[in-house]
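This briefing sets out selected features of the structure shown below, grouped by topic. Please read it alongside the sequence and the coordinates.

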Amino acid sequence: MALSGMRGLSVFISDIRNCQNKEQERLRVDKELGNVRTRFKNEKGLSPYEKKKYVWKMLYIYMLGYDVDFGHMEAVSLISAPKYPEKQVGYIVTACLLNENHDFLRLAINTVRNDIIGRNETFQCLALTMISSSARPLVRKKAALCLLRLYRKNPDVVNVDGWADRMAQLLDERDLGVLTSSMSLLVALVSNNHEAYWSCLPKCVKTLERLARNQDVPQEYTYYGIPSPWLQVKTMRALQYFPTIEDPNTRRSLFEVLQRILMGTDVVKNVNKNNASHAVLFEALALVMHLDAEKEMMSQCVALLGKFIAVREPNIRYLGLENMTRMLLVTDVQDIIKRHQAQIITSLKDPDISIRRRALDLLYGMCDVTNAKDIVEEILQYLSTAEFAMREELSLKAAILAEKFAPDLSWYVDVILQLIDKAGDFVSDDIWFRVVQFVTNNEDLQPYAAAKAREYLDKPAIHETMVKVSAYLIGEFGHLLARRPGCSLKELFSIIHEKLPTVSSSTIPILLSTYAKILMHAQPPEPELQNLIWAIFNKYESCIDAEIQQRAVEYFALSRKGAALMDILAEMPKFPERQSSLIKKAEDIEVDTAEQSAIKLRALQQTSNALVVTDQRPANGTPPVTQLSLVKVPSTSSNVDHHVADQGLSQENGTLTTVDPQPPPADLLGDLLGPLAIEGPPSADVQPQQNIVSGVEGVPNAVEATAIVPVGEQTNSVQPIGSIAERFQALCVKDSGVLYEDPYIQIGIKAEWRAHQGRLVLFLGNKNTNPLLSVQAIILPPSHLKLELSLVPETIPPRAQVQCPLEIVNLRPSRDVAVLDFSYKFGNDMVNCKLRLPAVLSKFLQPIPVSAEEFFPQWRSLSGPPLKLQEVVRGVKPMPLLDMANLFNSLRLMVSPGLDPNPNNLVASTTFYSESTRAMLCLARIETDPADRTQLRLTVASGDPTLTFELKEFIKEQLVSIPTASRAPAPAPPAPQPTSPPAAALTDDPGALLAGLL
Amino acid sequence: MIRSVMVMNTQGKPRLAKFYDFQGFVLVSLLNVDCDTVLCSRAENVSNFLDAASIFGPDSSLVYKHYATLYFVLVFDSSENELAMLDLIQVFVETLDKCFKNVCELDIVFNYSKIHTILDEMIFGGQVLETSSTELVKAVEEISRLESASNSITLVPKSVSGWRNR
């Protein structure tokens, strides 16, 4: 410290020291204070040096226990001095002197803030130090928020370990202002990691109780008679980040408070009071939803919401609808929500567009088979009056709902055609492609669709999309109407041809195809019609548009081939079933950025629980209405082989190949138009067309052949959605998620593991409107696991979900996995799949932190095989060390950073639980080679030879990218076979030398 | 967190714009215009909520309140409660009213810095700092008192010059 340079100060201090008694000291201090006071008053000529000196003297005097009631301004002014020494003095003195002085602290804060936002790091530190030393509520408030800001900006920079206790202390604060800020900080902290903050939970509940009962709430924090609504809201928000509340007492008192809030809130006249009380109420509703309260309380909530959506106050109507939409995630209450359907439909006519939007969202969310007809009809009706901003969304939603929940197919066709009629501009191509696919794949529907199309063509002005779809339908299926009045081929032709002058060049090719088809259906040939159509083809042979020109030329040439025309232009084969691109599109729209929020976390939890809630979108996108799909074109065999090779692991899963059968939606148009244009690209999707062409060359039956499913393919006709192997891999590191999904069923898993025991719940969700029959689930347990599956019902009702708990006990270490042999029947399809259950070795691990003092003796005591095994692993998936550490942590092997002196190495520790080994400490060390990331050396040690071997193999499997080779003999004998490299390699490797040091 | 606080009049002139997490200076005027065209088209007796995702990106909501010639707008993300934000606008306006005695648009125009001070006392880095309007008024009064006090004593420059003269 630069005290030596300040002679005056030294003199003063020695003077004080030389004082004989308190009285003398007092006199000296008084004299000095007088001196300082005069110098400060006489501002002129006071150099920074002098100022600094006097301020130090003041601090000294203050330290001696005298009241220093002046000169604070000078202290504060030093903070804003440009040079560090002055500034430092200013900060130190201010921090010491001013924590009780109200006025000057505020001035200090401004300067401090300037320093914090400034570029100079030392100044920032000074400022923050001062903040931390001051106990004033005002500053603490700001400090809490300041920390929060830093934490949000860059969570890595702020070290949050050990904040839990401090947070808990902060929550004991009585000052509501400070509490509000602390609660904001807590919300941010728990949203990232709630585990560490369990101790804060009861305190939050206490705070909430205090506010809800209006105990000890100062007047200035009462807003329109409500005790700090913001703090109440924040507190409840924080509580929503804790998955559950286990302590029954806390839970009970929380529910009491919530009950009080739910019941005690009424709509009042004062708008502001209304807002505040409802802010609290809505947050309470969200919390109740989150806590999965008893059904009674839930229905109470829905009843409240039902009241809200009918009130006069628009804000409350809006939020009522929004919260009802969130409420849909809770399975039990959907029926109760449906009772309010009429009111929600009325909200579609609300004068406020914001409210109409919410109502639409809610209707979309609550739609299912039972109410689809009503809801879609309402949406269609609303479509004609809706503003343009909403029409596209409306039409997309109507189309999706009609597709997902059609009670019968003709209704679906009606809806889409109405949709095109009413809002043609807003109907994307996907929508009409989809209806064509349906009609093509369902013979019963074809005459009906053609007749409908014919009706629309009678209208004087129709949208171009309508021209496209009706021309296509008439071309394909118009001949089915032959006996109806006004539907002779010639009449059909002329009514379509009327539209030709009104359409753009993208529609003309479709019309030309229609003409060609009509011509083909005219048997025996009608010369008059033939001449008419030939004339048109002739006309377009010189069209500037290449597509039109080509079609005209080719159709003209083909139509002169006579009988061969029949084959070439035969009816379109059925389309392969695939995920609706519409639904995909809707999902894309709903994709949000991943901002952490309670509601989203909740939604995530929901999907990972694999809840196939009746009218909620499943996690992985809904497949098309599969009961409609009668036929599937099997994938080409080469394709299958390719995938199998890619996913060696999936071989174990037996009969089901893990081919993702969905071609990109872009070829939809190719599918529709490809077979019409003769020269399509030779891709798998236009394969039927190639057959048609080959049919011309002499195999006339080829067309039929493609439309029939080969008998042998029966069992494979149901393709899983997504890769089974990938899902399994994901579940190995997660505790809940989807295990298997195909168009009919989704199997979700949620697991809890405790020591050597586990409880796994299978969620079997029927995604369809028909029941799944002969459901069978058999567990094939490996020898080391004891498994007990509760009864699986034989039938899963439509759109229902069945939960089957499974108890697991781990007897001894092994990498073998249990297999679930699952089968069911849907219609004539018998589906069987063998799925690996994610009850893998790592699930019985419990990460524990190990300090250097504990680690090294353990590591040394477990020397050499069979207790310590080492292996050089090649062909490792290259990944940065940090990712590898994360992988280990996710496998419940806790990485202890810094334990190994070499930064390229990782050291991990964990406890393994099984009945034979009990809790057993396992240690692992990975030595990576920064020059070659594909190889590393793995050393595993534990007190049990089998465990060491199994764990080593298990880790290896996780690290190696294609694990087929290493796990070729699936139930590998758990013999402790040391596979470590020869000792020579040990001494050569510099890493080995390090290992010796460890 | 709160993403932005804006005040604008019914003609769409911005009176205050503060952004806490995004959109640089350049975008401010653009956003204001955007907001305004949307706001002015709304009737009196409708809700105070607007779909903000199209203007401010995903995960943002907007509440506004109309007072005489001014719109007060708050944009925030899903971690905040909508009605609580609406209340916050009310607190802001009540505080302004207390500070200026029947606040009007002109007060806000000519006391731009003071409005910022008040706002800074209420919202800090996008988080609610203080919700009691009495506390806010107290804080603001003290700051202004300190400002006038510190203006009368010119501190550093004088002493620096004194040091140079020495």
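Predicted model: local features only at pLDDT ≥ 70, side-chain atom pairs only at ≥ 80, totals over all residues.

**Chain B**

- Chain B contains seven helices and seven strands.
- Of the 166 residues in chain B, 56% are buried.
- When contacts in chain B between residues at least 6 apart in sequence are considered, 50% of them join residues at least 24 apart.

**The α27–α28 pair of chain A**

- Helix α27 (residues 508-521) and helix α28 (residues 527-540) of chain A have axes that come within 10 Å and cross at roughly 150°.
- Angles over 145 degrees count as roughly antiparallel, and α27(A) and α28(A) are therefore roughly antiparallel to each other.
- The crossing of α27(A) and α28(A) is left-handed.
- On the side of α27(A), the contact is made by Ile508(A), Leu512(A), Tyr515(A), Ala516(A), Ile518(A) and Leu519(A); α28(A) contributes Leu529(A), Gln530(A), Ile533(A), Trp534(A), Ile536(A), Phe537(A) and Tyr540(A).
- Sorted by class, the residues in the contact of α27(A) with α28(A) are twelve nonpolar, one polar and no charged.

- The buried residues of α13(A) include Thr250(A), Ser253(A), Leu254(A), Phe255(A), Val257(A), Leu258(A), Ile261(A) and Leu262(A).
- Helix α4 (residues 72-79) of chain A is mostly covered, with eight of its eight residues buried.
- The buried residues of α4(A) are His72(A), Met73(A), Glu74(A), Ala75(A), Val76(A), Ser77(A), Leu78(A) and Ile79(A).

- Met167(A) is part of helix α9 (residues 163-170) of chain A, and its relative accessibility of 2% makes it count as buried.
- Leaving aside residues up to four places away in sequence, Met167(A) touches Ser182(A), Leu185(A), Leu186(A), Leu189(A), Tyr197(A) and Cys200(A).
- Met167(A) and Tyr197(A) are separated by 30 residues in sequence and by 8.1 Å in space, C-alpha to C-alpha.
- Asp900(A) is found in the loop between β13 (894-895) and β14 (905-914) of chain A.
- With a relative accessible area of 7%, Asp900(A) is buried.
- The C-alpha atoms of Asp900(A) and Ala852(A) are 8.9 Å apart, although 48 residues separate the two in sequence.

**Positive phi values in chain A**

- Most residues other than glycine have a negative phi.
- Asn214(A), which is not a glycine, has a positive phi of about 55°.
- Asn214(A) lies in the loop between α11 and β1 (222-223) of chain A and is partly exposed, with a relative accessible area of 41%.
- Tyr224(A), also not a glycine, has a positive phi of about 45°.
- Tyr224(A) is placed in the loop between β1 and β2 (226-227) of chain A and counts as partly exposed at 28% relative accessibility.

Key:
Residues numbered from 1 in each chain as written. Chains lettered and ligands numbered in written order. Heavy atoms only, no water. Axes fitted to C-alpha atoms, helices over the stretch in contact; angles between N-to-C directions. Helix = DSSP H or I, 4+ residues; strand = E, 2+ residues; numbered from the N terminus. Parallel < 35°, antiparallel > 145°, perpendicular 65-115°, else oblique. Left-handed = near helix turned anticlockwise from the far one by under 90°. Contact = heavy atoms within 4.5 Å. Nonpolar A, V, L, I, M, F, W, Y, C, P; charged D, E, K, R; others polar. Buried < 20%, exposed > 50% of the residue type's maximum accessible area, 1.4 Å probe, protein only.
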